[in-house]
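Have the model open while you read.

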Amino acid sequence: MASRDPEQFTTTGWPWRTGNSFELLDGGAEFLPAMLAAIDAARESVLLEMYLVHSGHLVTRFIAALGAAVQRGARVCVVFDAFGSLGLSRADRRRMIEAGVQLRFFNPLELGKRLGNLLRDHRKLLVTDGCLAFVGGTGLTDDFAPGATPEPWREVMVRIEGPVVADWQRAFARTWRRTGAVLDLPLPPPSAPRAGAAGRLSLSEARQRSVLANGVLRRIDGSQQRAWIMSAYFVPARRVRAALGRAARRGVDVCLLLPGARTDHPWVRQASRRFYARMLRSGVRIYEYQPHMLHGKVILCDDWVSIGSSNLDRWSLRWNLEANQEVADTRFADEVAALFERDFAVSRGISRRHWHRRARLDRLRESIAGAIDRYIDRWRRPKQP
């Protein structure tokens with residue numbers, strides 16, 4: 001596999017790398033200080049790729065850390081999605097550039113692009129010195145920070161060390177090139193073989209057939225004991241829903257952890273809920289998270305885990321660049337299972353009996369949201385020149 005062209009990895013699947021260390025970071029109180037500490041420790045390079053970026057206390061802290069890294073001599077490259085970062089003030093953009101940060105925006109909005117404006121970079125990635133990476137679903141907004149009002153959004157990240165980090169640097173370099181420049185940053189030398197978990201990148205490049213989605217489907221179809229999914233915006237394709245139903249009917253414990261009433265996109269939630277009845281009939285267990293806004297994206301199939309930016313919804317896989325870290329490791333899977341169990345305990349289980357008794361107004365909302373979803377699903381991205 002080492003001789004393969006890295007350009008091919010996003011279309012044929014990235015290689016599995018052994019000897020990695022994966023640490024589950026549960027909530028902003030864990031992952032935000034860890035990410036800032038990694039930037040503070042960087043001496044050679046900092047690569048940051050984010051979708052949702054809004055000026056506030058958290059962005060101010062990150063700008064200060066990135067500027068300090070530049071002062072230490074590190075090369076700092078940042079890619080923000082042009083739409084997701086509309087909330088980043090001109091003053092903060094100017095501060096970053098004046099500090100020496102190389103700042104680029106993915107797919108700037110232009111009237112002439114029409115539907116091409118919908119192509120977005122939804123990935124969330126931090127790589128420092130080519131040896132440490134963070135992947136998950138966070139954004140740089142105060143919503144994720146401890147002390148947020150009313151409560152910080154529910155999110156999960158994974159801290160990564162080992163050979164797979166070099167692949168994350170390669171993935172960032174591809175996005176960097178799409179913004180108009182070559183990264184030209186040396187990869188870390190291969191490390192000596194060591195014990196550790198197996199992992200690989202799973203990317204979606206906004207193609208009709210997503211490598212990321214296909215990999216998840218294979219894992220669901222091959223699961224023997226459990227297939228648990230945490231998703232903030234669960235409007236999956238028919239083939240995903242069918243795979244979940246098949247798994248449940250053959251005795252696999254299929255569980256969905258989805259948003260409750262506290263969501264930033266209520267109509268997406270309503271579009272998702274129209275699938276509940278059929279999945280409940282198939283034996284799928286459904287939980288709606290209650291404490292606050294659920295934003296995490298985690299998939300657990302037996303001892304295989306995928307954590308990242310993808311919600312497995314049709315929109316994301318068609319229009320967004322997405323990135324997940326796959327891990328095949330029993331210990332890590334047990335940690336993720338414990339995280340799910342804690343969240344199930346504070347969620348509302350949806351029973352088949354009570355679901356059929358829901359209010360007529362809720363049924364109407366689901367029908368309207370479903371009609372909108374079907375209409376949008378007919379949109380197609382223009383072919384790239």
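1. A word on residue classes before we start: Ala, Val, Leu, Ile, Met, Phe, Trp, Tyr, Cys and Pro count as nonpolar, Asp, Glu, Lys and Arg as charged, and the others, Gly among them, as polar. This is a predicted model, where local features need pLDDT of at least 70 and side-chain atom pairs count only at pLDDT 80 or more, while totals for chains, interfaces and linings use all residues. Residues are numbered from 1 along each chain as its sequence is written, and side-chain values use heavy atoms, with hydrogens and water left out.

2. Two cavities of 30 Å³ or more turn up in the structure. A cavity here is a set of points, on a 1 Å grid over the protein atoms alone, where a 1.4 Å probe fits but cannot get out; lining residues have an atom within 4 Å of a point. Points are joined across faces, edges and corners, and a volume is the space filled by probe spheres set on them.

3. The second largest cavity holds about 40 Å³. Its lining is made up of L48, V53, V59, F62, I63, L66, F80, L88, M96 and L140. By class that is ten nonpolar, no polar and no charged. Helix 3 (residues 57-71) contributes the most, four residues; helices (H or I, at least four residues) and strands (E, at least two) are DSSP runs, numbered from the N terminus.

4. The largest cavity has about 60 Å³ of space. Strand 11 (253-259) and helix 8 (266-273) are the elements giving two or more residues to its lining, and helix 8 has the largest share, three residues.

5. What does the lining of the largest cavity divide into? Seven nonpolar residues, three polar and one charged. Among those lining it are Y233, F234, H265, R269 and Y276.

Methods
On a 1 Å grid over the protein atoms alone, a cavity is a set of points where a 1.4 Å probe fits but cannot get out, and a pocket is an open set with protein on both sides within 12 Å along at least five of seven lines; lining residues have an atom within 4 Å of a point.
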